[in-house]
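Welcome! Here is a short tour of one model, with the sequence and the coordinates shown just below.

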Amino acid sequence: MKAFRFRLQTKLEICTRQEQIAWEEMQSRLKERELLLEELLYRERRLLAVEEEIRQDSCKAQEYQALLLKREFVPVIVMQIEQAEQNLSQAEARVEEARVLLLERKRETSTLEKLKERAWQEYLWELQQEEQKIIDEIAINNHFRRDLA
């Protein structure tokens, strides 16, 4: 009997590679999202720090010029926070796209692996049948040889 050969092996290898690429893409998008989240948190902490400085400086009359500068800086920080939130939500959408693609790739690879396993089991069954035929023929030949002798 000829050796086992899965006819969709090339497709399985391609799907496995595509799954690997999708996984790497997912990881890069997760890392991007994490960086954007860190940026957002930094900007929010910066806003809180500036607001605290404004509260502290409001009691001091000699710090009036610095107080005005800090108050003018607050809307800039708020705008940066809004932009960071937008970037983060876009990154979340890209992560979700990558997750969906990865699931599709995994599903396809899994299906092909199941087909390969089924084909392998069928091959083993056929191989057993072949071996059983050979054993039966040997037994029949031995039986007839004993009867002739």
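## The annotated stretch

Keep in mind that this is a predicted model.

## Two helices side by side

A pair of packed helices can be described by the angle and the distance between their axes. Here, helix α1 spans residues 9-57 and helix α2 spans residues 64-148. Their axes come within 7 Å and cross at roughly 165 degrees. Angles over 145 degrees count as roughly antiparallel, and α1 and α2 are therefore roughly antiparallel to each other.

The crossing of α1 past α2 is left-handed. On the residue side, the contact of α1 with α2 is made up of 26 nonpolar, six polar and 23 charged residues.

## The largest pocket

If you like looking at pockets, the largest one holds about 330 Å³ of space. It is lined by 13 residues, and those closest to its centre are Phe 4, Arg 5, Phe 6, Ala 119 and Glu 122. Sorted by class, the lining of this pocket has eight nonpolar and five charged residues, with no polar ones.

Definitions and conventions. Residues numbered from 1 in each chain as written. Predicted model: local features only at pLDDT ≥ 70, side-chain atom pairs only at ≥ 80, totals over all residues. Heavy atoms only, no water. Axes fitted to C-alpha atoms, helices over the stretch in contact; angles between N-to-C directions. Helix = DSSP H or I, 4+ residues; strand = E, 2+ residues; numbered from the N terminus. Parallel < 35°, antiparallel > 145°, perpendicular 65-115°, else oblique. Left-handed = near helix turned anticlockwise from the far one by under 90°. Nonpolar A, V, L, I, M, F, W, Y, C, P; charged D, E, K, R; others polar. 1 Å grid on protein atoms, 1.4 Å probe; cavity = no way out; pocket = protein on both sides within 12 Å on 5 of 7 lines; lining within 4 Å. Points joined across faces, edges and corners; volume = space filled by probe spheres on them.
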